[in-house]
Amino acid sequence: LTAPGWVVFDKTCFYATSGGQEHDNGKIYINNLSYDVTNVIKGPNGQHFHYVELNDNSLIDTTMVADLVIDKKRRLALSRNHSAHHLLETALKQLISDSIHQQGSNLTPQRLTMDFNYSSKLSIDQINAVEAKVNEFILAAKDVETKLMTLQEAKESNAIANFENVYKKLNGKLRVLFMKDISVEVCGGTHVHNTKEIEQFMITNFEVKGSGMCRIEAITSNELINNFLTTQINQFKTKIESFKEFVVANKVNDPKFEQLVKTISYDLTVKNYRLISEQFKQLEIIFTQIKKQLEKINNEKAIEEIKTTLSNIKDQTINVYSFTNKPIKTILQSANSIINEHQDKVIIAINEVDNKMQYLIVTGSQLMNNQNYWSNTLIKKINEITNGSGGGSKNFAQGGTANLAKKAELLAFLSKIN
């Protein structure tokens with residue numbers, strides 16, 4: 001092998017991806033040189049294929065002897081999550097339903113996922129109870145032991161075999177995992193030696209995946225849980241602070257909002273994370289209501305301002321008005337209201353928004369016999385000047401352009417066409 005590729009050894013300490021658990025990473029040492037192993041998969045005959053990242057000008061051949069060393073930190077993280085997976089299934093059986101069985105799993109160094117059969121959504125209280133039960137198993141510091149058994153011997157030991165049809169096809173004995181006083185299960189994955197090595201367990205997500213299928217995602221170890229809590233609670237804090245800044249800037253006085261904000265704590269505990277998650281949902285609802293109310297008030301103000309501006313109808317037929325950052329729908333509503341009282345006029349409104357120019361034209365019914373005043377006639381001329389686009393009918397047209405520099409030229413043109 002002279003480039004990165006797959007290598008098979010006569011013996012290996014590396015775990016290959018299987019049973020929902022990710023592979024080990026690590027290094028191989030040959031002739032005082034080291035090479036990274038970044039993937040391990042199983043071949044058709046059970047052999048382990050190691051993906052070795054060869055350096056430039058490196059060579060591996062079948063005559064060489066290699067020392068294999070796994071990444072112990074990654075292995076421990078995977079083992080914690082796999083063992084916790086077993087504890088989770090036991091807790092679900094004990095507290096929710098003894099008919100629950102694992103239907104799928106995904107075990108990485110960062111998290112564990114379990115799919116299982118169950119017809120209902122778990123309540124918050126049930127999730128908390130399951131989590132507490134798993135942590136109870138961890139604190140009990142029970143030994144974890146692996147034994148080699150035939151499938152029949154495993155059954156006689158009351159071992160759970162979630163995928164018995166697969167195990168029947170395997171030659172030789174099976175690895176059976178004994179978690180003292182907790183569970184016995186056929187399993188080929190890596191595990192801790194004692195439940196206390198898992199340190200801590202936290203459910204981070206629950207969802208119903210479909211008819212009769214649920215999924216739990218969880219994490220383990222003090223480090224990962226502390227990192228998760230820090231990240232999540234800081235995100236809540238950032239969003240809540242932005243809510244508060246908005247409320248203060250807009251001089252909003254909402255007792256419900258203020259009272260709820262006072263009750264929020266940013267303690268980095270699992271219990272507080274669950275609490276702040278629920279508090280944030282409530283706060284978000286209140287904040288959305290505040291924003292809607294402000295938008296309504298501001299929109300009403302904008303309507304009045306636009307109406308006041310548009311109501312200043314002059315003697316000339318075409319009346320041109322210029323706005324900045326006003327809702328185009330509000331301008332249209334006001335223009336229609338004014339034109340209903342002045343059917344012998346044309347209203348042209350120009351609105352500057354985000355370095356772009358919007359324009360609309362409303363023509364009164366008494367001018368329908370003069371094509372020069374039709375909205376669709378006028379907008380064609382405006383589009384030619386501004387390099388814009390848009391169109392409409394005799395009594396209404398709307399368009400826009402990104403060429404804001406043409407605004408002065410447009411206003412000059414419109415001032416001369418009456």
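This is a predicted model: local features need pLDDT of at least 70, side-chain atom pairs count only at pLDDT 80 or more; totals for chains, interfaces and linings use all residues.
Six bridges hold the antiparallel pair of β8 and β9 (residues 174-179). Within this pair, Val-144 is found opposite Met-179 of β9.

## The four-stranded sheet

A second open sheet has four strands, ordered β6-β7-β12-β11, and its pairing is also antiparallel. Its edge strands, β6 (102-107) and β11 (201-210), each pair on one side only. On average, and with direction ignored, neighbouring strands in this sheet are turned by 15 degrees against each other.

Strands β6 and β7 (residues 112-117) run antiparallel and are joined by five bridges. The bridge partner of Gly-104 in β7 is Asp-115. Strands of a sheet pair through backbone hydrogen bonds, in either a parallel or an antiparallel sense.

The model has seven aromatic pairs. One of them joins Phe-236 and Phe-280, whose ring centres are 5.2 Å apart; the planes stand at 50 degrees, so the pair is tilted. Phe-236 belongs to helix α5 (residues 222-249) and Phe-280 to helix α7 (residues 270-310), so this pair ties together parts that are 44 residues apart in sequence. Phe-236 counts as buried at 12% relative accessibility, and Phe-280 counts as buried at 7%.

Phe-243 and Phe-287 form a stacked pair, with 4.1 Å from centre to centre and 15 degrees between the planes. This pair also links distant parts of the chain, since Phe-243 is in helix α5 and Phe-287 is in helix α7, 44 residues apart. Phe-243 is buried, with a relative accessible area of 8%, and Phe-287 is buried at 9% relative accessibility. Ring pairs connect Phe-228, Phe-236, Phe-243, Phe-246, Tyr-273, Phe-280 and Phe-287 into a cluster.

## Charges over rings

Which residue lies over the face of Phe-246? It is Lys-291, at 5.9 Å from the ring centre. Phe-246 is also a member of the aromatic cluster. Elsewhere, the charged end of Lys-147 sits over the ring of Phe-178, 4.7 Å from the centre of that ring.

## Salt bridges

Side chains of opposite charge can pair when their charged atoms come close. The count for this model is 13 salt bridges. In one of them, the side chains of Asp-115 and Arg-215 meet at 2.6 Å, N to O. Asp-115 is in strand β7 and Arg-215 in strand β12, 100 residues apart, so the pair links distant parts of the chain. Asp-115 counts as buried at 15% relative accessibility, whereas Arg-215 is partly exposed at 22%.

Lys-244 and Glu-241 form another salt bridge, at 3.2 Å from N to O. They are three residues apart in helix α5, which means that about one helical turn separates them. Lys-244 is partly exposed at 30% relative accessibility, and Glu-241 is partly exposed at 28%.

A further salt bridge joins Lys-407 and Glu-352, at 3.1 Å from N to O. Lys-407 is in helix α10 (residues 407-414) and Glu-352 in strand β14 (residues 346-353), 55 residues apart. Lys-407 is buried, with a relative accessible area of 15%, while Glu-352 is partly exposed at 25%.

## Positive phi angles

Most residues other than glycine have a negative phi. Asn-32 is not a glycine, yet has a positive phi of about 65 degrees. It lies in the loop between β2 (26-30) and β3 (33-42). Asn-32 counts as exposed, at 81% relative accessibility.

Lys-251, also not a glycine, has a positive phi of about 55 degrees. Its place is the loop between α5 and α6 (255-263). Is Lys-251 buried or exposed? Lys-251 is exposed, because its relative accessible area is 78%, and exposed means over 50%.

How values were computed:
Residues are numbered from 1 along each chain as its sequence is written. Side-chain values use heavy atoms; hydrogens and water are left out. Rings of Phe, Tyr and Trp (its six-membered ring) pair if their centres lie within 6.5 Å; planes under 30 degrees apart count as stacked, over 60 as edge-to-face and the rest as tilted. Helices (H or I, at least four residues) and strands (E, at least two) are DSSP runs, numbered from the N terminus. Buried means under 20% relative accessible area, exposed over 50%, partly exposed in between (1.4 Å probe, protein chains only). A charge sits over a ring if NZ of Lys or CZ of Arg is within 6 Å of the ring centre and within 35 degrees of the ring normal. Two strands pair if DSSP finds at least two bridges between them. Axes are lines fitted to C-alpha atoms, for helices over the stretch in contact, and angles run from 0 to 180 degrees between N-to-C directions. A salt bridge is a side-chain nitrogen of Lys or Arg within 4 Å of a carboxyl oxygen of Asp or Glu.
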